[in-house]
Amino acid sequence: LDSFFGPGVVDYVELRSLRIERMDAFIAVHGVEEKPGIRALLARLKEQNIPCAITSSSSIPLIREHLGNLGLLEGFTALCSGKDVPHGKPAPDIYLAGAAAIGVAPENCLAIEDSPAGLEAAWRAGCMGIFVPDQDRPDEVTLSRCFAVADSLVDVMELI
């Protein structure tokens with residue numbers, strides 16, 4: 001950030017903490033939005049006996065709360081938190097933990113991601129990354145690391 005704003009103008013840790021605080025406040029009021037197609041995708045995975053894990057930077061209690069509020073908790077075989085691995089995304093640690101939790105080699109895992117850092121983590125772990133853009137559009141580097149790009153989770157079902 002120093003190269004963009006100048007030295008000492010922005011404290012990254014403070015800025016990140018403020019972003020997390022504001023995001024948590026927004027979610028406390030509005031809840032977490034369900035991604036279109038998630039229920040159909042989870043049903044398809046269950047139907048085909050395909051295990052799936054959440055690999056999130058959030059804590060396990062927060063993951064449980066959000067999925068529970070949406071009625072989606074039972075759809076996942078394992079919950080993996082970035083708080084429980086040595087390095088967060090874009091390091092591969094969370095995807096390696098997710099693959100181990102479901103007993104599947106990373107190279108046999110599809111990793112559905114909505115951020116470039118998450119896609120990089122999946123790629124570095126050896127997973128086949130599917131990018132489903134949310135706020136960030138994929139750049140050339142991200143695209144080069146993708147197994148596929150899908151407009152929504154509904155489109156992901158065609159790839160399974």
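These legends walk through several close-up views of a predicted model. Local features need pLDDT of at least 70, side-chain atom pairs count only at pLDDT 80 or more, and totals for chains, interfaces and linings use all residues. Residues are numbered from 1 along each chain as its sequence is written, and side-chain values use heavy atoms, leaving out hydrogens and water.

**View 1. Lysine 35 and aspartate 114 meet in a salt bridge.** Side chains of opposite charge can pair when their charged atoms come close. Here a salt bridge means a side-chain nitrogen of Lys or Arg within 4 Å of a carboxyl oxygen of Asp or Glu, and the structure holds six of them. In this one, the N to O distance is 3.7 Å. Helices (H or I, at least four residues) and strands (E, at least two) are DSSP runs, numbered from the N terminus. Is lysine 35 buried, partly exposed or exposed? Lysine 35 counts as partly exposed, at 36% relative accessibility, and aspartate 114 is also partly exposed, at 30%. The cut-offs, for a 1.4 Å probe and protein chains only, are under 20% relative accessible area for buried and over 50% for exposed, with partly exposed in between.

**View 2. Lysine 35 also forms a salt bridge with aspartate 134.** The closest N and O atoms are 3.2 Å apart. This pair links distant parts of the chain, 99 residues apart, with aspartate 134 in the loop between β4 (128-131) and α7 (140-144). Aspartate 134 is partly exposed, at 44% relative accessibility. Lys35, Asp114 and Asp134 are linked in a network of salt bridges.

View 3. Arginine 145 lies in the loop between α7 and β5 (146-149), and glutamate 120 in helix α6, 25 residues apart.

**View 4. Two cysteines are shown in a structure with zero disulfides.** A disulfide is a pair of cysteine sulfur atoms within 2.5 Å. For cysteine 52, the closest cysteine sulfur is 11 Å away, in cysteine 109. Cysteine 52 is buried, at 10% relative accessible area, and so is cysteine 109, at 11%.

**View 5. β3 and β4 pair in the parallel sense.** Four bridges join them, where pairing requires at least two DSSP bridges between two strands. Isoleucine 112 stands opposite isoleucine 130 in β4. Three bridges join β4 to β5, again parallel, and phenylalanine 131 has valine 149 as its bridge partner in β5.
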